[in-house]
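Subject: Structure handover and notes

Dear colleague,

I am passing on the structure we spoke about, and below it I have set out my notes for you to read alongside it. Please look at the structure first and then go through the text.

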Amino acid sequence: MVYDCAIIGGGPAGLNAALVLGRARRSIALIDNNRPRNAVTHASHGFITRDGITPSEFRRIAYEEVLRYPSVDHLQTEIVSVRKLESGFELLDSSDVRVQARKLILATGVKEIFPDIEGFYPLYGKSLFNCPYCDGWELRDQPLVVVSELPTFFHSAKLLFNWSKDLVVCTNGRAPLTDEQKKQLQAKGIVVMEQRIAAFVGQNGRLEHVRFADGTEIPRAGGFVIPRFVQSVPFAEQLGCETTPIGGIATDEWGQTHIPGLFVIGDAAYIGPSQLVLAAASGSRVAMRINTDLSDEEFE
Ligand SMILES: Cc1cc2nc3c(=O)[nH]c(=O)nc-3n(C[C@H](O)[C@H](O)[C@H](O)COP(=O)(O)OP(=O)(O)OC[C@H]3O[C@@H](n4cnc5c(N)ncnc54)[C@H](O)[C@@H]3O)c2cc1C
């Protein structure tokens, strides 16, 4: 069987695409290896009607809704390679099963690369987070730490000030900060620490101290560690897609790459402030575009 569309990635982007395409009576292979990036967190915020929902409940509801549409097949497997055919695409999974489709959506998300600091992972998703829009409200007015090694350091520090005035911002010896930027932060009472961090120290998921390489310790209740993002799979680049300067896959506003029939949506396309609702919206848009393309082809 050749599906109308295969979707690799069943996060909010892929799921919303499957929902709209399923309702348009298109045959869909929705393929997911069940490794959601946000699984470490207890609650997801900022999606209207779903504010505070657990990531697992969000997925449960989404799959229940999508799989009501009989033309959507849910394949729980990992895709290991993707090939462009003369017409359409062929995917190979980890058990050597092949799937063919006329159109392909990559909704495979991204991976975070965090600064390598001891003690981070036991606290991640509990008192240390990566996105203030997702978890800033829960940490409001607490003594917070912000760690970034990126050129966007100053922007992150300014942003966090609206959630808590008790801020220590750390470059971990890496992010370039001008004297003027330091002055601006210090004028707001923000403490700037430029030495290397030795460890995050805490218990039961609660951050207690940040320990620096020179032995200094500062008590903190939580904070944000800003990661770098990279593609979670190399398929788009392997197929010849162009990347954006920050590592996203270049597409038009409908998710179409410059390779006919290949679409990239969700975090994988726009790497940046990532939100469930933005990913889901990109899924809805791409689905309408693909259904239009398929309809046009069927009338040619
Ligand atoms: C800790 C944390 C907390 C967050 N909190 C919030 C929040 O409160 N509110 C909010 O709006 N956003 C939050 N986000 C961001 C949000 O989770 C993402 O923006 C959103 O999940 C992106 O959706 P996506 O569909 O593009 O990708 P993802 O949700 O990452 O989904 C990608 C899917 O592709 C699958 N996949 C990847 N490769 C393959 C393969 N080779 N074969 C098969 N399947 C594959 C993965 O298993 C995964 O299910 C948070 C993120 C993190 C990390």
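This is a predicted model: local features need pLDDT of at least 70, side-chain atom pairs count only at pLDDT 80 or more; totals for chains, interfaces and linings use all residues.

Residues are numbered from 1 along each chain as its sequence is written, and side-chain values use heavy atoms, with hydrogens and water left out.

Helices and strands are DSSP runs numbered from the N terminus (helices H or I, at least four residues; strands E, at least two). After α1 comes Arg 25, with a positive phi near 65°.

Two packed helices are described by the angle between their axes and the distance between the axes. For α1 and α8 the angle is about 35° and the axes are 7 Å apart, where axes are lines fitted to C-alpha atoms, for helices over the stretch in contact, and angles run from 0 to 180 degrees between N-to-C directions. The crossing of α1 and α8 is right-handed, a crossing being right-handed if the near helix is turned clockwise from the far one by less than a right angle, and left-handed if anticlockwise. On the α1 side the contact is made by Pro 12, Ala 13, Asn 16, Ala 17, Val 20 and Leu 21, and their partners in α8 include Leu 276, Ala 279, Ala 280, Gly 283 and Ala 287. The residues of this contact divide into 12 nonpolar, five polar and no charged, with Ala, Val, Leu, Ile, Met, Phe, Trp, Tyr, Cys and Pro counted as nonpolar, Asp, Glu, Lys and Arg as charged, and the others, Gly among them, as polar.

Pro 12 itself touches Phe 58, Leu 276, Ala 279 and Ala 280, not counting residues up to four places away in sequence. The C-alpha atoms of Pro 12 and Phe 58 are 8.8 Å apart, although 46 residues separate them along the chain. Phe 58 is one of the buried residues of α2, among them also Pro 55, Ile 61 and Val 66, and what covers the buried residues of α2 includes α1, β2 and β3.

Salt bridges

With a salt bridge taken as a side-chain nitrogen of Lys or Arg within 4 Å of a carboxyl oxygen of Asp or Glu, a search of the whole structure finds 21. One of them joins Arg 26 and Asp 4 at 4.0 Å, N to O; Arg 26 lies in the loop between α1 and β2 and Asp 4 in strand β1, so the pair ties together parts that are 22 residues apart in sequence. Both Arg 26 and Asp 4 are buried. Arg 26 also meets Glu 298 in a salt bridge of 2.9 Å, N to O, and since Glu 298 lies in helix α8, that pair ties together parts that are 272 residues apart in sequence. Glu 298 counts as partly exposed because its relative accessibility is 42%, whereas Arg 26, at 9%, counts as buried. Asp 4, Arg 26, Arg 102, Lys 103, Glu 297 and Glu 298 are linked in a network of salt bridges.

Loop residues

Trp 137, in the loop between α3 (132-135) and β9 (144-147), counts as exposed because its relative accessible area is 54%. Asp 96 has a positive phi of about 70° although it is not a glycine, and Asp 96 is exposed, at 59%.

Best wishes

Key:
Buried means under 20% relative accessible area, exposed over 50%, partly exposed in between (1.4 Å probe, protein chains only). Contact means heavy atoms within 4.5 Å.
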